[in-house]
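Try each task before reading its solution.

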Amino acid sequence: MGLCILGVPMPKQKNLSQYEQRLLRVLSYIYENLDGDLSLDTLAAVANMSRFHWHRVFSAMTGETVSDLIKRLRLNRAANILV
């Protein structure tokens, strides 16, 4: 196992499809740069896809939009700080 996201080990990337590899790369970037530039253009560049196609792929694979994920993660982090 390589990448670990929210304490859940992720499978090695060589066993995953290209979309899964790109999704993991973008999720890793989001978690590492939660305070940085997380615009759709930036994340699409990390995924090496057009912004429109990336948004459709991301939504289909995760069940939420990129902006909803970022809002949820930032809210979760803020709630943990308050506790």
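**Exercise 1.** Is Asn48 buried or exposed?

*Solution.* The model is predicted. Start with the accessibility: Asn48 has 59% relative accessibility. Exposed means over 50%. Asn48 therefore counts as exposed. Last, check the backbone. Most residues other than glycine have a negative phi. The phi of Asn48 is positive, near 60 degrees.

**Exercise 2.** Find the salt bridge partner of Arg77, and say which parts of the chain the pair ties together.

*Solution.* Side chains of opposite charge can pair when their charged atoms come close. Step one: the cut-off is 4 Å between nitrogen and oxygen. Step two: the side chains of Arg77 and Asp35 meet at 2.8 Å, N to O. Step three: Arg77 belongs to helix α4 (residues 66-82) and Asp35 to the loop between α1 (18-32) and α2, so the pair ties together parts 42 residues apart in sequence. Step four: Arg77 is partly exposed at 32% relative accessibility, while Asp35 is exposed at 64%.

**Exercise 3.** How many salt bridges are there by this rule? Describe the pairs not yet covered.

*Solution.* The count is three. One of them joins the side chains of Asp41 and Arg51 at 3.2 Å, N to O. This pair links helix α2, with Asp41, to helix α3, with Arg51, 10 residues apart. Asp41 is partly exposed at 45%, and Arg51 is partly exposed at 34%. Another joins Glu64 and Arg72, with the closest N and O atoms 2.7 Å apart. Arg72 is partly exposed, at 43% relative accessible area.

How values were computed: Residues numbered from 1 in each chain as written. Predicted model: local features only at pLDDT ≥ 70, side-chain atom pairs only at ≥ 80, totals over all residues. Heavy atoms only, no water. Buried < 20%, exposed > 50% of the residue type's maximum accessible area, 1.4 Å probe, protein only. Helix = DSSP H or I, 4+ residues; strand = E, 2+ residues; numbered from the N terminus.
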